[in-house]
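Me: I want to check the labels on this structure one at a time. Let us go through them and ask what each one rests on.

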Amino acid sequence: MVILFGAGSAYAAAPPPEAATCLACHGPHGEGMVDGDKPRLAGQSAHYLDKQLQDFASGARDNAIMSAIAKGLNAQTRSKLTAYYASLPVPAPLKGTTPTAAQAARGHQLAQEGAEAKRVQACNNCHGPDGSGVALSAPALAGQLAPYLATQLKSWQQGGRKNDAGNLMSSVATRLDDADIAAVTSYYANLDASTPSTR
Amino acid sequence: MVQRLKEVDVVVIGVGMVGSILAKELAAAGYKVVGLERGSTRFTVPEFQSPGIHDELRFDIRKALMQDNTREPVTFRNNTSQSALPVRRWESFLPGTGLGGSMVHWNGQTYRFQANDFELATRTKERYGKGFLDADVTIQDWGVTYDELEPHYDRFEYLLGTSGKAGNIKGQIQPGGDPHESPRSREYPTPPQKEHFSGALFRKAATGLGYHPFPQPSSNLSQPYTNPEGLKMNTCVFCGFCERYACEHYAKSTPQTFILPVLLANSNFELRTGCQVQRINLDSTKKTATGVTYIDNAGREFEQPASLVITSLFAINNIRMLLLSGVGKPYDPTAGKGVVGRNYAYQTMSTVASFFDEDVIINPFMASGASGTLINDFAGDNFDHSGLGFIGGAFIGAVNTNGRPIQYHPTPPGTPGWGKAWKDAVVKHYNHSIMFSLHGSSVSQRQNYADLDPTYKDAWGQPLLRITFEFPQNDLKMAAYVTAKGVEIGKAMGAKQVAGSPRKAPYTTQQYQTTHNTGGTVMGNDPSTSVVNRYMQSWDVPNVFVIGASAYPQNASWNPTGTLGALTYWVADALKNKYLKNPGHLVSA
């Protein structure tokens with residue numbers, strides 16, 4: 001009963017009707033989708049989600065589908081949706097995303113320590129301890145889906161995404177190669193940031 | 001048992017900013033260079049990374065990046081009637097140690113001095129007449145001019161990627177910059193950092209009073225930058241952990257970000273860390289250096305022969321190295337004769353604190369070490385000193401560098417120093433206060449000097465450096481005058497309460513002021529009043545070059561690093577184009 005109560009309370013809030021559009025790609029619980037690189041939204045900070053929606057609308061973040069959707073949202077709806085997704089529990093990492101030992105080691109190095117040879121600082125400097133995010137400045141990376149993270153790093157590299165302060169992410173992303181990206185994204189995807197009640 | 005090593009072309013003592021730039025220039029020109037560093041290697045990754053680098057107790061309070069004063073302190077006294085005692089805790093100034101030197105923990109404030117600073121004695125006499133200064137003031141000209149240094153300032157700023165706004169390009173005044181600056185050849189490499197709210201309030205008030213605010217030139221970069229060495233740097237994130245810390249983001253210009261990777265990749269250069277240089281060795285004539293002797297971390301003693309010795313230590317350590325080596329005649333304050341240790345000077349720092357109502361939100365923690373807005377209207381000789389009885393001045397600026405919880409507690413005068421009332425005041429004022437820095441010049445004076453301590457020795461048995469210093473009357477008058485101007489600006493910002501704290505005597509080593517120690521191995525054109533010539537070459541031992549802020553005959557109203565960078569490239573050119581082609585005196589005495 002306790003478990004049921006815990007799980008039940010975590011999912012208690014019914015999705016706002018406007019979330020119907022989101023569910024199709026981001027999953028019924030905001031868990032994201034590996035196919036098509038759709039990010040997990042559950043548990044991400046409302047501030048971050050709201051800024052991304054504004055940036056999709058303005059074009060600072062390039063994505064045809066999200067841009068069209070974001071342009072149709074007013075501030076009030078954005079606020080409702082982002083608060084909802086921020087409140088959802090973070091699921092456990094997907095099965096089958098375990099990095100190789102070499103990837104785990106390289107991913108851990110990039111995340112925790114950085115790489116002097118490439119002049120890349122630790123991801124966690126900005127993304128918080130173990131990539132847990134910093135509410136008003138940087139998104140959580142822990143438990144995020146690897147294909148989405150990889151697509152974003154490529155997008156920072158290629159200039160499709162440029163909605164951060166000081167071009168910090170493009171500075172970092174352009175110094176990473178494909179093996180680094182595979183390592184660091186699988187490392188973060190496999191970090192268990194799940195909300196305790198869902199374990 | 002001293003091991004004698006194979007001779008090299010150049011030995012560089014101290015691999016900090018000056019040492020790494022010069023070593024890179026000379027190694028690239030084909031010379032075999034050995035760099036001796038007493039500290040350890042350290043790089044942005046892994047040594048400077050979060051969260052360890054934000055340990056305020058370790059870095060602010062316990063001074064983890066500083067010279068180890070359990071092994072190598074300095075001794076201090078205010079005047080010759082006192083007995084100097086060792087400084088067991090760094091407080092007033094913070095000399096660094098380790099690869100990259102003190103620049104690793106700097107704030108990134110990157111100024112040029114003005115043209116008249118380099119000819120201060122001449123210009124002062126021209127403008128204010130003979131006898132304007134106190135009799136014991138010993139200011140003098142540098143032997144090098146601003147125009148000669150301008151290309152080297154430019155090169156240094158482009159090496160660092162300094163973020164700023166030019167105020168004078170080739171004589172054309174530029175809107176938004178500092179109209180008082182001496183002409184520069186082009187714009188800064190990157191635009192100014194964002195202005196924080198305290199800077200915006202300062203700008204408005206200063207403009208209203210008819211002054212000329214401009215953004216502080218910062219080597220915490222405003223945007224990504226690739227320097228002429230091909231090294232990429234990042235944008236500063238305003239984390240507020242600059243001074244006393246190393247930068248985790250490749251955003252603060254330090255040797256680690258702007259030169260060391262290039263230097264260390266050059267096979268003509270060899271870095272040796274953990275090497276405590278004991279002295280520069282001289283031959284029997286005492287007119288030629290044969291190399292240096294050092295002791296490594298294992299206690300082994302080595303002699304490293306070299307054709308050219310460059311001492312590129314922090315200012316006070318340059319003085320000590322010459323005194324320990326017998327290079328140049330030590331200064332005697334009684335006779336006023338001798339040169340090594342003479343004209344030791346500092347920086348005359350004052351503050352103005354402005355306290356606002358609680359609806360004015362300052363967010364002081366959102367800062368970089370060099371963000372901020374300031375005026376030069378009362379700096380240097382930018383105002384008429386007639387009848388004031390002093391020379392020099394200070395920049396006045398809202399250049400808040402941090403809001404770190406252990407170090408930053410603005411409270412109004414009258415607040416108790418501890419207990420509930422203090423805590424309440426910190427909570428009340430932390431987010432609603434603006435601190436101005438009044439960064440004042442420092443004249444050299446006959447009584448202020450450095451020599452070897454007769455009593456205290458370092459861990460290797462060598463005498464410590466003894467500093468004898470008191471604030472000159474000239475500078476105390478200056479501080480009082482400029483602080484009054486700062487208080488007016490604080491009031492014009494609408495602060496509820498404004499407290500000016502002009503610098504007062506006695507000088508104490510127990511309160512942080514600034515790490516801008518200057519003089520002691522002064523440059524100039526007259527061997528009787530300078531240790532090195534205009535190329536920073538020893539008058540006495542011409543294959544020894546002494547490069548540091550120790551060369552400044554007196555200190556100006558701005559942070560000294562930019563000028564030291566310019567002098568470094570000035571010397572690099574003289575070495576490559578003149579000295580190394582034909583070793584000998586570059587200037588005849």
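Me: What makes the side chains of Ser371(B) and His196(B) a polar contact?
Reply: The model is predicted, and its values are computed. The two side chains are 3.5 Å apart at their polar atoms. The cut-off is within 3.5 Å for a pair of N or O atoms, one able to donate a hydrogen and the other to accept it. The pair is therefore counted as a polar contact.

Me: Which backbone nitrogen lies 3.1 Å from a polar atom of the Ser371(B) side chain?
Reply: That of Ser368(B).

Me: Where is Ser371(B), and what is it in contact with?
Reply: Ser371(B) is in the loop between β15 (348–355) and β16 (373–375) of chain B. Leaving aside neighbours within four places in sequence, its contacts include Gln193(B), Lys194(B), His196(B) and Phe238(B). Ala398(B), Val399(B) and Asn400(B) are also among them.

Me: Now Tyr188(B). Is it buried or exposed, and why?
Reply: Tyr188(B) has 7% relative accessibility. The limit for buried is under 20%, so Tyr188(B) is buried. Tyr188(B) lies in the loop between β7 and α5 of chain B.

Me: What does Tyr188(B) touch?
Reply: Not counting residues up to four places away in sequence, Tyr188(B) touches Glu157(B), Tyr158(B) and Pro217(B), among others. The side chain of Tyr188(B) also makes a polar contact with the side chain of Arg184(B), at 2.8 Å.

Me: How do you know that Arg4(B) and Glu303(B) form a salt bridge?
Reply: Their closest N and O atoms are 3.0 Å apart. The rule asks for a side-chain nitrogen of Lys or Arg within 4 Å of a carboxyl oxygen of Asp or Glu. The pair therefore qualifies. Arg4(B) sits in strand β1 (residues 2–4) and Glu303(B) in strand β14 (residues 301–311) of chain B, 299 residues apart.

Me: Which of these two is exposed and which is buried, and why?
Reply: Arg4(B) has a relative accessible area of 58%, and exposed means over 50%, so Arg4(B) is exposed. Glu303(B) has 18%, which is under 20%, so Glu303(B) is buried.

Me: What makes Arg38(B) partly exposed?
Reply: Its relative accessibility is 21%. Arg38(B) meets Glu72(B) in a salt bridge, 3.0 Å from N to O. Glu72(B), at 6%, counts as buried.

Me: Why is Arg186(B) with Asp154(B) called a salt bridge?
Reply: The closest N and O atoms are 2.8 Å apart. The limit is within 4 Å, so the pair counts. Arg186(B) is in the loop between β7 (172–173) and α5 (197–208), and Asp154(B) is in helix α4 (residues 146–160), 32 residues apart. Arg186(B) is partly exposed at 37%, and Asp154(B) is buried at 9%.

Me: How many salt bridges are there over all chains, and which residues are linked in a network?
Reply: The count comes to 37 salt bridges over all chains. Lys24(B), Glu25(B), Arg155(B), Glu229(B) and Lys576(B) are linked in a network of them.

Me: What is the buried area between the chains, and which residues supply 34% of the chain B part?
Reply: Chain B and chain A bury about 1500 Å² between them, 48% of it on carbon and sulfur atoms. Val45(B), Asn234(B) and Tyr250(B) supply 34% of the area that chain B buries, more than any other three residues. The contact takes 19 residues from chain B and 16 from chain A.

Methods:
Residues numbered from 1 in each chain as written. Chains lettered and ligands numbered in written order. Predicted model: local features only at pLDDT ≥ 70, side-chain atom pairs only at ≥ 80, totals over all residues. Heavy atoms only, no water. Contact = heavy atoms within 4.5 Å. Buried area = accessible area lost by both parts, 1.4 Å probe. Helix = DSSP H or I, 4+ residues; strand = E, 2+ residues; numbered from the N terminus. Buried < 20%, exposed > 50% of the residue type's maximum accessible area, 1.4 Å probe, protein only.
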